[in-house]
There are 2 protein chains.
Amino acid sequence: MPDFFLDLPQGTLDLLVLKALTWAPRHGYAIARLLEERTGDRLRIEEGSLYPALYRMEAKGWIEAEWGESELGRKAKFYSITREGRKQLKRQLNHWETVQDAVGRVLRTENA
Amino acid sequence: MPDFFLDLPQGTLDLLVLKALTWAPRHGYAIARLLEERTGDRLRIEEGSLYPALYRMEAKGWIEAEWGESELGRKAKFYSITREGRKQLKRQLNHWETVQDAVGRVLRTENA
DNA sequence: TATCATACTTGGTTATTCTAAGTATGTACT
DNA sequence: AGTACATACTTAGAATAACCAAGTATGATA
């Protein structure tokens, strides 16, 4: 068992993936590499977390998949964000900001 | 089943409780009310989340409990943070900031 | 008498993350 | 030829924490 079970707090992966897909449609592997790059390698996007997350979000209609060819000529499943996915992104963004704000208020309090 | 399963991202409750206990020892109910107040009611601290969290943290040695009397003369279990708890708080604070920073980098990216 | 606030407990459900192992293909090195 | 590595996806199983719901018990208030 890992030291810190959750490297990523439950719920944030969807947010990151949805946001990444607003930039352009991409396949899973590329999403993972891109997110790691964008976070300056602060986060590792585990494949065992990412792919199931993609399947769940596809099932919920937030993203759509299409098989195609990767930059290197391999078969790869390309995902794009749907209209419903953008709505969901907005909700999750909102939620993230609320939590961030609330936690920030507590952490900045030096006595109470 | 709730609309948004996780109101609080998994892992943040410990952080909030540990931080709250650095202000003063308090009983569970008071911790909940105080955190809600401090977050301007942005977060609801559910009793079914809080009390199990207190038991877990006590079992891990991060906090200590002692039965006493509440402000209103009722019996209540007062928790205080231990030395080990302060170390844990520091780790979790660090982790929270890393995640926050990383997610922020992604959310602020407009194309990639 | 009924309701509400205080204070704690606990059982069961759920979602999500993670580790780990696997499939398959192509390239680069020795 | 053989090995290793990067790309790309899949899936089983374990672990965890947050949540709802229901309960105990007490005192104050209407």
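The numbered points below go from the ground rules to the fold, the pairing of the chains and the DNA.

1. Ground rules. This is a predicted model, in which local features need pLDDT of at least 70 and side-chain atom pairs count only at pLDDT 80 or more, while totals for chains, interfaces and linings use all residues. Residues are numbered from 1 along each chain as its sequence is written, and chains are lettered from A and ligands numbered from 1 in the order in which they are written.

2. The fold of chain A. Chain A has four helices and three strands, and along the sequence they follow the pattern α-β-α-α-β-β-α. Here helices (H or I, at least four residues) and strands (E, at least two) are DSSP runs, numbered from the N terminus. The C-alpha trace of chain A spans about 60 × 35 × 25 Å along its principal axes. Of the 112 residues in chain A, 31% are buried. A residue is called buried if 20 or more other C-beta atoms lie within 10 Å of its own, exposed if 12 or fewer, and partly exposed in between, with C-beta atoms placed from the backbone.

3. Contacts along the chain. Taking contacts in chain A between residues at least 6 apart in sequence, 47% join residues at least 24 apart. Two residues are in contact if their C-beta atoms, placed from the backbone, lie within 7 Å.

4. Helix H3 of chain A. H3(A) has 13 residues and reaches 18 Å from its first C-alpha to its last, close to the 18 Å expected at 1.5 Å a residue; the expected span is 1.5 Å times one less than the number of residues. Buried in H3(A) are A:Ala53, A:Leu54 and A:Met57. They sit on the same side of H3(A) because they cover an arc of only 100° around the axis, the arc being that of the directions from the helix axis to the C-beta atoms. A:Glu47, A:Gly48, A:Pro52 and A:Ala59 are exposed on the other side of H3(A). The cover over the buried residues of H3(A) includes H1, H2, strand S2 (63–69) and S3 of chain A. Just after H3(A), A:Gly61 takes a positive phi of about 80°.

5. Helix H4 of chain A. With 25 residues, H4(A) reaches 36 Å from its first C-alpha to its last, close to the 36 Å expected at 1.5 Å a residue. Its buried residues are A:Gly85, A:Gln88, A:Val99, A:Ala102, A:Val103 and A:Val106. What covers the buried residues of H4(A) includes elements from both chains: H1, S2 and S3 of chain A together with H1 and H2 of chain B.

6. A closer look at A:Leu89. A:Leu89 lies in helix H4 (residues 83–107) of chain A. A:Leu89 counts as partly exposed because it has 19 C-beta neighbours inside 10 Å. Not counting residues up to four places away in sequence, A:Leu89 touches A:Leu18 and A:Lys19.

7. How the two chains meet. In the interface, 29 residues of chain B are in contact with 29 residues of chain A. On the side of chain B that touches chain A, H1, H2 and helix H4 (83–107) of chain B each give two or more residues, and H4(B) has the largest share, 10 residues. By class, that side of chain B has 14 nonpolar, 10 polar and five charged residues. Ala, Val, Leu, Ile, Met, Phe, Trp, Tyr, Cys and Pro count as nonpolar, Asp, Glu, Lys and Arg as charged, and the others, Gly among them, as polar.

8. The same surface serves both copies, as 100% of the contact residues of chain B recur in chain A.

9. DNA strand C. H3(A) provides the largest share of the surface near DNA strand C, six residues.

10. DNA strand D. Around DNA strand D there are 31 residues, of which A:His27, A:Gly28, A:Ser70, B:Asp7 and B:Gly48 come nearest. H3(B) gives the most to this surface, with six residues.

Definitions and conventions: Near = placed C-beta within 6 Å.
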